[in-house]
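Keep the structure open as you read.

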Amino acid sequence: MQTPENPVVRDIVLVGGGHSHAVLLRRWAMRPLPGVRLTLICRDTHTPYSGMLPGHIAGHYSFEQVHIDLRTLAQAAGARFFRSEVIALDRSAGQVVCEGRPPVPYDRVSINIGATPRLGVPGAASHALPVKPIDRFHQRWLELLARVRTHSGKLRLAVVGAGAGGVELLLAMQWRLRAELKALSRDPDALEFHLYSSTAQILPSHNARVQRHFTQVLRQRGVQLHTAQAVTQVWAGCLQTASGQVFDADAVIWVTQATGAPWLRETGLALDEAGFIRVNENLQSISDERVFAAGDVASWPHAQLEKAGVFAVRQAMPLMDNLRRSLLAQPLRPYRPQRRWLALISTGDANAVASRGRFFAQGPWVWRWKDWIDRRFMAQFEQLPAAMAQTSVQAPALPLEDVEREQLLSAQAMRCGGCGAKVSASVLARVLARLQPRPSSDVLLGLSAGDDAAVLRLPPGQVLVQSVDFFRAFIDDPYVFGRIAANHALGDVFAMGAQAHSALALATVPPGLESRTEDLLLQMMSGALSVLDAADCALVGGHTGEGQELALGFSVNGLIPQDLQGLMSKAGLQPGDSLILTKPIGTGTLLVAHQKLRARGHWIDAALQTMMQSSQQAAQVLRAHGARACTDLTGFGLLGHLLEMSRPSGVDLRLQLSALPVLEGAAESAAAGHLSSLHASNAQMASALQSSAACAGHPHLPLLFDPQTAGGLLAGVPAAQSAACLRALHAQGYTQACVIGQVLARSAAPQPVQLVV
Ligand SMILES: Cc1cc2nc3c(=O)[nH]c(=O)nc-3n(C[C@H](O)[C@H](O)[C@H](O)COP(=O)(O)OP(=O)(O)OC[C@H]3O[C@@H](n4cnc5c(N)ncnc54)[C@H](O)[C@@H]3O)c2cc1C
């Protein structure tokens, strides 16, 4: 993250989390360039390592073993991770355009997005399962697996494309699917495999001994080979080849030559006939020196390089070096691809073939060798020392323009307090001009008026419900942070049963180059605005100042009828109510584990997703099912909020630990001691618990004290309505909402919360 001491001067944006970028991030962490910020934009958090993917399909490796966790890797490298799909490149503005969020500016951009399938054959796009993009294949494979498990009778699987990828994939699928059927006591011979090749020989880029060996293996395994038979048409249930023959095929897996992503054609970059980015020897686009490309998406200037992960991996170091050199205005260094490369191709069972030029070897030892190489490669992404990002090496200063030098000197000089700490008017004006808050007839003077204060009309018969929240950024994606900050602030108003009306923002941004401050503010406020707009809450003004860290908060106004009809307060619990929690808990411990590189990327994805889920519909559902008491979970954790409700309501509560909805990974993180700084003081409230010895070691126990950000609603709903209420909550997308306990009449016991397992 940008800080006043370490301002961001240049941005390198990495598009796609392919093999080159994964290795680059690992290396960058050891040799960062001060002032340069890396941002990785990828649609997936876990990217597959191609070398082990067939082994995973065959059932030899787990999902985790063959996927690189990009979110944790980026965190370790001190890079930002934006989980998003890139849909265009605006080269004139120097921006990467992403799906559903503001564009991301770059000084240099590197593209490593792999390839997309060439599904030009009629019917292939609708009826075939493409293996590319490789990151999407996993889901398709799981669907095929489920289909085979439930299918009765014969099933014909056709693989189209007999390069190394197609042959290896077929053998891996066959191995696994036969094992699945055997485990289900079904006949594995019910599966029939066909391999279609447009060439007369399979594996055309390998030597004759490799070709002969694989032909023999395929025959031994009962695979029907259709060589020199290009597939020309695919229908549901069958396909046709160039000879006019039609073959039955219940599933068609497409592993033919791939092409570049369609959006690359709109970038104006020079592409080759297949749509891949033409690069020079420095992995730099031949038509734009600010754009680099590596891996399958790069088209090498001399002989065509095989589309193989091994090249993508080898390109990582020269790519990193040249991105740095390009920013430092130093001469670039050419990448020299290996003339011959070793391919280790597995045969589904624990056997493999080695192929390099005319060299051929095969057997279980080749598999063990491959396994050793692959595991060693993946180990570098699993053992990420927490201090990696802090490793700093003094580097030559980046060339700066005069205006940038002045801005940096100013940012690093003594900063004023008072109104001197405001963000410059020009930056603010540019950001506000790009934000388009939703108009509201109740806003008489708002953001666009530029006046000293907003003037709002209260609709007749309504009274105001007000709340304020503010916190510093805990995630390096300002757009996501903006969304969560707005959601968190709105949670208070929804918990009261009110309708959101208007909001004032309070933001701090670290000083630095004006362009970076502007982008930070724009990203963050765009995220916040998307949430406020969806809640029909007008952004009517705010204040933006300089601070050590990025932080955002809102003062939110809500409306409720003046007779307070529908108001939910903390004091409204009634004995007999069921306690319902609408979202899972565990965000505090997960965010700490992420900081320490001890969380899995998909745990954090899920936690961010719940934090971005609005509580607006949940509040409506709870009210409609008779809730009179409600609160939103925040920093004091579940127990703190239970106590805040039980005391003013004059009731006791029974809480069932095993019923708590918990985010994946939260219990593990808490058990491993990754606890938030507020946890210890929250845990002092444990004296309010009556609990049996059985509760003491329960994995959910520490989560009672875990501070929540944008947590769910906790409400008391009449027991008779709780089942219908849960059904409605699930239908609204609160899939983990559940009853976590009951409200009891106040007892003489000094502890108001009974804990049961
Ligand atoms: C079955 C099979 C087995 C193979 N086995 C081997 C092998 O053993 N050895 C070998 O060297 N090669 C192998 N290959 C080839 C290998 O898969 C590819 O060459 C390799 O994956 C290319 O790597 P890459 O770095 O270019 O991109 P990829 O690995 O394809 O990664 C691209 C990344 O970019 C992301 N992305 C894509 N588009 C976007 C977008 N618009 N916005 C944001 N993110 C995006 C994806 O999510 C993904 O994370 C195999 C291929 C197949 C099909």
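The text below starts with the ligand and then turns to the domains.

This is a predicted model, in which local features need pLDDT of at least 70, side-chain atom pairs count only at pLDDT 80 or more, and totals for chains, interfaces and linings use all residues. Residues are numbered from 1 along each chain as its sequence is written, and side-chain values use heavy atoms, with hydrogens and water left out.

Around the ligand there are 34 residues, and those that come nearest are His19, Asp44, Thr47, Asp296 and Gly309 (near means a heavy atom within 4 Å). By type, this shell holds 14 polar, 12 nonpolar and eight charged residues, with Gly counted as polar and Asp, Glu, Lys and Arg as charged.

| Residue (backbone N or O atom) | Distance to a ligand oxygen atom |
|---|---|
| Asp296 | 2.8 Å |
| Ala308 | 3.3 Å |
| Gly114 | 3.5 Å |

On its own the ligand has 1000 Å² of accessible area, and the protein covers 93% of it (Shrake-Rupley method, 1.4 Å probe).

Now for the domains, whose bounds come from an automatic or database domain assignment. Domain 1 (10-115 + 260-339 + 360-388) and domain 2 (124-259) each give at least three residues to the ligand shell.

Domain 1 also meets domain 4 (570-756): 12 residues on each side are in contact, that is, with heavy atoms within 4.5 Å. The two bury about 990 Å² between them, 52% of it on carbon and sulfur atoms; buried area is the accessible area (1.4 Å probe) lost on being put together, summed over both. Arg71, Thr72 and Gln75 supply 50% of what domain 1 buries there.

How values were computed:
Polar contact = N/O pair within 3.5 Å; in protein donor to acceptor, adjacent residues only side chain to side chain.
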